[in-house]
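Trainee: Could you take me through one part of this model in detail? I'd like to look at a single residue and then see what surrounds it.

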Amino acid sequence: ADIELAQHVKTYLTHHDSSFIYVLKSGVHFPWDNNYPQNYSSVDSIKNGTMGAKTTQYINALNWKTDNFFQILFEDTTILEKTLFMYTSDHGQIVKEEGNYLTHCNTHNPGIEEGRVPLFYMGDNLSTVSNLLSQLKPNNHAEMISVTLNLMGYDAPVTESFSSGFLYGHLFPKHPLHQWAIKPIQLLKVK
């Protein structure tokens, strides 16, 4: 699914400007060895057998899904000329070789590994991206919305209204009970 998604986003970006695209990749989920071809191995330490089986499966799955997504998306790097990409994940993963382990987050007593996720920005002109981000100082996920709105040209009152936190509630409500937390906001563009 991620490969088709990358192709769709790439095709869209070659024909459209001034778009905000929010992508939810399928990513890597347990059982990890179902996420990549059986003959695939991504790291020398994995090939040499110095990692445990579960760790090997997880890293192979993560590298396979992420590398292929970006290879398809950036096959034609001209889309980077007019696009700023922000990449992150919703959670990290604890991989234990033995004993009980959760395959998808612990909400009661999470380990630090569950909060370690990538957060990086990509664009064609790295000095421009770097200058923008150094002014905005996106240090954590709580600032992603205000940083994104700022980069899109929204004024300070709008961007500052999101500076204290991320989204509350569900981004895509599935049940009427979840809709209480999402409040419409009028976004006024200044530029």
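This is a predicted model: local features need pLDDT of at least 70, side-chain atom pairs count only at pLDDT 80 or more; totals for chains, interfaces and linings use all residues.

Mentor: Let's start with leucine 5, which is partly exposed, its relative accessible area being 21%. The cut-off for buried is under 20%, so at 21% leucine 5 counts as partly exposed. You'll find leucine 5 in helix H1, which covers residues 2-15.

Now look at what leucine 5 touches. Leaving out residues up to four places away in sequence, its contacts are Val23, Leu24, Lys25 and Phe69. Take valine 23: 18 residues separate it from leucine 5 in sequence, and the C-alpha to C-alpha distance is 8.2 Å.

The Phe69 contact leads us to the packing of two helices. Leu5 is one of the H1 residues that meet H3, along with Asp2, Ile3, Ala6, Gln7, Val9 and Lys10. On the H3 side you have Lys65, Asn68, Phe69, Ile72 and Leu73. The two axes, H1 and H3, come within 8 Å and cross at roughly 25 degrees. Angles under 35 degrees count as roughly parallel, and that makes H1 roughly parallel to H3. As for the hand, the H1 and H3 crossing is right-handed.

Lysine 25, another contact of leucine 5, has its charged end over the phenylalanine 69 ring, 5.1 Å from the ring's centre. Phe69 also belongs to an aromatic cluster with Phe70, Phe74, Phe85 and Tyr87.

The structure holds eight aromatic pairs. One of them joins phenylalanine 30 and tryptophan 32, with ring centres 5.1 Å apart and planes at 90 degrees, so that pair is edge-to-face. Phenylalanine 74 sits in the loop between helix H3 (53-73) and strand E1 (85-88), while phenylalanine 85 is in strand E1, so the pair ties together parts 11 residues apart in sequence. Here both partners, phenylalanine 74 and phenylalanine 85, are buried.

How values were computed:
Residues are numbered from 1 along each chain as its sequence is written. Side-chain values use heavy atoms; hydrogens and water are left out. Rings of Phe, Tyr and Trp (its six-membered ring) pair if their centres lie within 6.5 Å; planes under 30 degrees apart count as stacked, over 60 as edge-to-face and the rest as tilted. Helices (H or I, at least four residues) and strands (E, at least two) are DSSP runs, numbered from the N terminus. Buried means under 20% relative accessible area, exposed over 50%, partly exposed in between (1.4 Å probe, protein chains only). A charge sits over a ring if NZ of Lys or CZ of Arg is within 6 Å of the ring centre and within 35 degrees of the ring normal. Contact means heavy atoms within 4.5 Å. Axes are lines fitted to C-alpha atoms, for helices over the stretch in contact, and angles run from 0 to 180 degrees between N-to-C directions. Angles under 35 degrees count as roughly parallel, over 145 as roughly antiparallel, 65 to 115 as roughly perpendicular and the rest as oblique. A crossing is left-handed if the near helix is turned anticlockwise from the far one by less than a right angle, and right-handed if clockwise.
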